[in-house]
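Q: I am new to this structure and would like a close look at a single part of it. Please stay with that part and then show how its surroundings connect to it.

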Amino acid sequence: MKLSKSVETLSRKCIAFPEPCEIACYNRVEGGEVFFDDRSLRLFKRHITEDVGADLNEGYDTFIPKKDIGSEGFGFGDLLACSRDKNIPLQSWKHFITFRNNLKKILATAYIRNEPWEMGVHKRNGVVYLDVHNLPERPQSDLDRRRCYVGYCFESLATEDPRRADGEGIHHVDANVEFCSVIKTKLGAHRILMGAEMDCCDSTNDGKRFYVELKTSRELNYHTEERFERKKMLKFWIQSFLAGVPYIVIGFRDDAGRLVRTERIRTEDISQRVEMKNYCQGGVCLAFADEVLGWLSGTVKEDEDYILKFARPFNRLELLQAQSCPDVITSHLELL
Ligand code: A3P
Ligand code: MG
Ligand code: MG
């Protein structure tokens, strides 16, 4: 099958994406136990600008990296258990159940064609599950691990931690502790239940919770700014837009890992900024994802397991049978 639609054609489509609605939440705490409440939700530290100059390598020696639970088969245990706990009817009105990262990969592929990815696809009782599949990674160098740690260190620095006394350094950052929001949303005609890890929230007086996405980036210069806006900003926008996160706070660092400045951006301002420069359009990502979800809905069969792959050098999405004949392509979607 061919997705013979150019960016121009996709940009003329108007795909509805109503405000995502949080219907439940859960947390994984130190030690791995899961609770269906908001005990791990962190509060954004408003005076983060005072931390400019901080060393984002601090605590690297005591960092507890993320355990790989997503790629070991059907990784929806906590999300489904939380939905059951809150009596959320899954089969009756959902078309897709997924973690936000999978949708992010699909939307980003409208523009980003040099990053391969894959995900598990299963259909149970009429609902299509998009499951996390990590590609085999090349061995990480100490520098790779440090670059990754900087992101987690910034999360700690930018949030209130009642257990950390004033002036106390950052240590024992545990990447497995997370707060996850369960969100109901709709993309075009596709009803979606989505789990999304939230970094922190900003307090408000009227009781409504505003989540804040935290990101780190190497400080920009004349040569790197365009790439940042074309690629990283697009990913930041997709990630936050999909879950209705209104603000992103970026911590810019130097090569040594020192925080040099922070910038708070409204998610909706990003799309204007990149659209004005003609880099990309959010509507094209949505129209592209609408086509892909429609193709999946019409192709996957009940109780069969597939792998959905985007791989170079072919500019196409491949749907492969996961078990019986893993190399046979069941269907593919050519991309323009
Ligand atoms: P940065 O993205 O600020 O570098 P998220 O921003 O999605 O909440 O992720 C928090 C941090 O987890 C990231 O911070 C990064 O350090 C790490 N991280 C997330 N996804 C990753 C991936 N695919 N590979 C390596 N590290 C990742
Ligand atoms: Mg996060
Ligand atoms: Mg983040």
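Which residue in S12 is the bridge partner of Tyr247?

A: The bridge partner of Tyr247 in S12 is Arg266. Please keep in mind that this is a predicted model. Seven bridges join strand S11, residues 247–253, to S12, and the two strands run antiparallel.

S11 and S12 belong to an open sheet of four strands, in the order S9-S10-S11-S12, with mixed pairing. At its edges are strand S9 (200–202) and strand S12 (259–266), each of which pairs on one side only. On average, neighbouring strands of this sheet are turned by 35° against each other, direction ignored.

Two helices pack on the sheet. H4 touches S10 and S11, and its direction makes about 140° with that of S10. Helix H6, residues 267–276, touches S11 and S12, and its direction makes about 90° with that of S12.

The residues around ligand 1 are Cys148, Gly151, Tyr152, Asp199, Lys215 and Thr216. Sorted by class, the shell has two nonpolar, two polar and two charged residues.

Beyond this sheet, S8 is a strand with pairings of its own. Nine bridges join strand S7, residues 178–187, to S8, and these two run antiparallel. One of the pairs is Lys186 with Arg191 in S8. S7 and S8 form a hairpin with two residues between them, and Gly188 in the turn has a positive phi of about 60°. S8 is also joined to S4, here by four bridges, and S4 and S8 run parallel. In that pairing, Phe99 stands opposite Gly195 in S8.

Both S4 and S8 are among the elements against which the buried residues of helix H3 pack. The others in that list are strand S5 (117–124), strand S6 (127–133), helix H5 (225–242) and helix H7 (282–299). H3 covers residues 100–108, and eight of its nine residues are buried, so the helix is largely enclosed by the rest of the structure. The buried ones include Arg100, Lys104 and Lys105 as well as Leu103, Ile106 and Leu107.

Apart from its neighbours within four places in sequence, Phe288 is in contact with Leu10, Leu107 and Ala110.

Two loop residues complete the picture. Asp303 lies in the loop between H7 and strand S13 (305–310). Its phi is positive, about 65°, although Asp303 is not a glycine. Asp303 is exposed, with 9 other C-beta atoms within 10 Å. Asn87 is in the loop between helix H2 (77–85) and S4. Phi of Asn87 is near 55°, again a positive value in a residue other than glycine. With 7 other C-beta atoms within 10 Å, Asn87 is exposed.

Methods: Residues numbered from 1 in each chain as written. Chains lettered and ligands numbered in written order. Predicted model: local features only at pLDDT ≥ 70, side-chain atom pairs only at ≥ 80, totals over all residues. Near = placed C-beta within 6 Å. Nonpolar A, V, L, I, M, F, W, Y, C, P; charged D, E, K, R; others polar. Buried ≥ 20, exposed ≤ 12 C-beta atoms within 10 Å, placed from the backbone. Contact = placed C-beta atoms within 7 Å. Pairing = 2+ DSSP bridges. Axes fitted to C-alpha atoms, helices over the stretch in contact; angles between N-to-C directions.
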